[in-house]
Amino acid sequence: MDCQCCNRKPAQVRICDVERNECAEPFNVCPDCFTLIKRYMFDMARPLMPTADIIREVQSLLGGEKSLALPDQPGALAPLGVESVPACPECGMTLSEFKARGRFGCARDYEVFAEHLDPLFERIHEARPPRHQGRLPQSAGEPELVTRRRRAAELKARLDAAVAEENYELAARLRDEINGLEKAPEKSQETA
Amino acid sequence: MSEAGFDGFPHVLGEWLKGKGPDSDIVVSTRVRFARNVRGFPFTLKATPQQRADVLALCEEALHKVHLQRSIVTLELDKLAEVKRDVLVERHLISRELAGGDGPRGVAYGRGEMLSIMINEEDHLRLQWIKSGFDADRAYQALCKVDRALEKVLPFAVSDRYGYLTACPTNVGTGMRISVMLHLPALTMKEHIDKVFKAAKHMNHAVRGLYGEGTRAFGDMYQVSNQATLGRSEVQILESVKAIIPRILETERQMRGQLYAEDRSFLEDRVLRSLAVLRNARRLNVQEMMSHLSMLRLGIDMGLVSDVPMRTVNEMFILGQPSHLQERQGRPMNPTERDTARADMVRAMLAAHSN
């Protein structure tokens, strides 16, 4: 069966709208179109739409396009995303990329995209409020390797500042300290 | 029968294929899974190859620290041949995603193949415990022990608000998924399976065919699992699965009883024809094998077949999968060769039990 959205590629994904626990007639679409459809489905800035309407929008979006090479370019669908949210400083994930992929890039994303998460989690987990109820680990601090790298990054920033201020005495001390921090992990990598 | 085993694999299959345990007439296995990430590293999707290697090394070190390493097999998957990775998938020790992924990633599994720990799947760690039969409590408790030992030596990414932080929003919170593998031939034959799907969905559980695509399940095997992981505790999730499964079991048993009462010879005919095909076929494709094994399994449960142990049926299910067959023969085979090898294997395994 051909994709009911682009009518070109073979359909591999079936989408069913569920209302009052009844499944409506399913739509069969190809993975490429599904990638686009998903963005509408998980876009918190929009009200929930019936799949038929989403397909119509995607079709009009694809109207003049020759290929479906959109999925790798989150920017191509910019009007859907909320671009005012900055990217995650840790992993570089943007809100629109998160929406397109449906995956977080790192733990920090949970803070960066905080205001968008509650409605999403409420819907996925049918939990109001969407707060953790289970246990939490009694774990130690972060791995030494991470602490060391984080510390090195901090020192590098200070080193740059010291050089800019022409405080070479401080810069030399920082440089030695960074070298010391960076030597240790190199060694452990060789033995790993 | 000779067993050209996977190197490092025991010749017998995992505990969960024993065909024992509570409600094992319908429930094949119960699996509990926790998703965990190591604090301080981006999730696998955004991790550099170096960071993935670091995570893998940290996890292996942690397993060593909790003294798990002696009883488990650790494999680095990027150094393992594709067919061997697929064997691990067919044994339910790793996911298809981990097998097909790239970069440093691994699996550690117990010798009984109940415990399996995937490293650098979508989350840094996926811990799972499989028990045969419907045994959610024990699978959960066993996995908790592993989790609690690991958390003392490996810091996990958590927040007070959202619990365990995971790559996918559907796993956040407890990171816990319980999946119960069910054999539901009577519900399928009576075309009641859609009602089960809907009822489960209503109770916030997902049902999917274990093999095959979409709603059409090969071998009448289905998997029921909790959908929500946030906003309820581990124990609440456990209780909700324990509330829904008995209802499904009851309807399946009812339907089996009805089939038997309404038209016993029809049921016997289906079962014994399937056994005849398995005993005599010279070529069997996977789908055909699974549907006949499904009937055979039903026949054993209902006392219509007595000379084939359930364990053999379960073993054929796994050993007849494409990668297991190829691993056994020690070479790649085309589909026709596989169908022939599969039929030969099934005949030999059944001959060992016929009187």
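Colleague: What mean pLDDT does chain A average, and what share of the residues score at least 70?
Modeller: Chain A averages a pLDDT of 77, and 75% of the residues score at least 70. pLDDT is the predictor's confidence in each residue, from 0 to 100. Before we go on: this is a predicted model, where local features need pLDDT of at least 70 and side-chain atom pairs count only at pLDDT 80 or more, while totals for chains, interfaces and linings use all residues. Residues are numbered from 1 along each chain as its sequence is written, and chains are lettered from A and ligands numbered from 1 in the order in which they are written.

Colleague: Which elements of chain A have the lowest and the highest mean pLDDT?
Modeller: The lowest is helix α7 (residues 168–191) of chain A, with 69, and the highest is helix α4 (residues 109–112) of chain A, with 94. Helices here are DSSP runs (H or I, at least four residues), strands are too (E, at least two), and they're numbered from the N terminus.

Colleague: Where in chain A does pLDDT stay under 50?
Modeller: One stretch is residues 64–82 of chain A, for which the model has 22 contacts beyond four places in sequence. Another is residues 185–192 of chain A, with 3 such contacts. By contact I mean two residues whose C-beta atoms, placed from the backbone, lie within 7 Å.

Colleague: And what's the mean pLDDT of chain B?
Modeller: Chain B has a mean of 89, with 94% of its residues reaching 70 or more. Over residues 1–8 of chain B, though, the pLDDT is below 50, and that stretch has 10 contacts beyond near neighbours in sequence.

Colleague: What does the model score for ipTM and pTM?
Modeller: ipTM is 0.87 and pTM is 0.75.

Colleague: What's in the loop between α5 and α6 of chain A?
Modeller: Pro129(A) is there, and the peptide bond from Arg128(A) to Pro129(A) is cis, with omega near -5°. Glu126(A) lies in that loop as well, and its phi is near 45°, a positive value in a residue other than glycine.

Colleague: Switching to chain B: how is it divided into domains?
Modeller: Domain 1 covers 3–256 and domain 2 covers 263–350. Those bounds come from an automatic or database domain assignment. The C-alpha centres of the two domains of chain B lie 26 Å apart. Across the boundary, 20 residues of domain 1 of chain B are in contact with 22 residues of domain 2 of chain B. Helix α2 (residues 82–90) of chain B provides the largest share of the domain 1 side, 5 residues.

Colleague: At what angle do α2(B) and α11(B) cross?
Modeller: Roughly 130°, with the axes of α2(B) and helix α11 (residues 322–329) of chain B coming within 8 Å. That makes α2(B) oblique to α11(B). Axes are lines fitted to C-alpha atoms, for helices over the stretch in contact, and angles run from 0 to 180 degrees between N-to-C directions. Under 35 degrees counts as roughly parallel, over 145 as roughly antiparallel, 65 to 115 as roughly perpendicular and the rest as oblique.

Colleague: Which residues meet there?
Modeller: Val83(B), Lys84(B), Asp86(B), Val87(B) and Glu90(B) in α2(B) meet residues of α11(B) including His324(B) and Glu327(B). The contact divides into 2 nonpolar, 3 polar and 4 charged residues.

Colleague: And how do α9(B) and α10(B) cross?
Modeller: Helix α9 (residues 286–301) and helix α10 (residues 310–319) of chain B cross at roughly 165°, their axes coming within 10 Å. α9(B) and α10(B) are therefore roughly antiparallel to each other. Among the residues making the contact are Leu293(B) of α9(B) and Phe317(B) of α10(B). By class, the contact of α9(B) with α10(B) has 8 nonpolar, no polar and 1 charged residues.

How values were computed:
Ala, Val, Leu, Ile, Met, Phe, Trp, Tyr, Cys and Pro count as nonpolar, Asp, Glu, Lys and Arg as charged, and the others, Gly among them, as polar.
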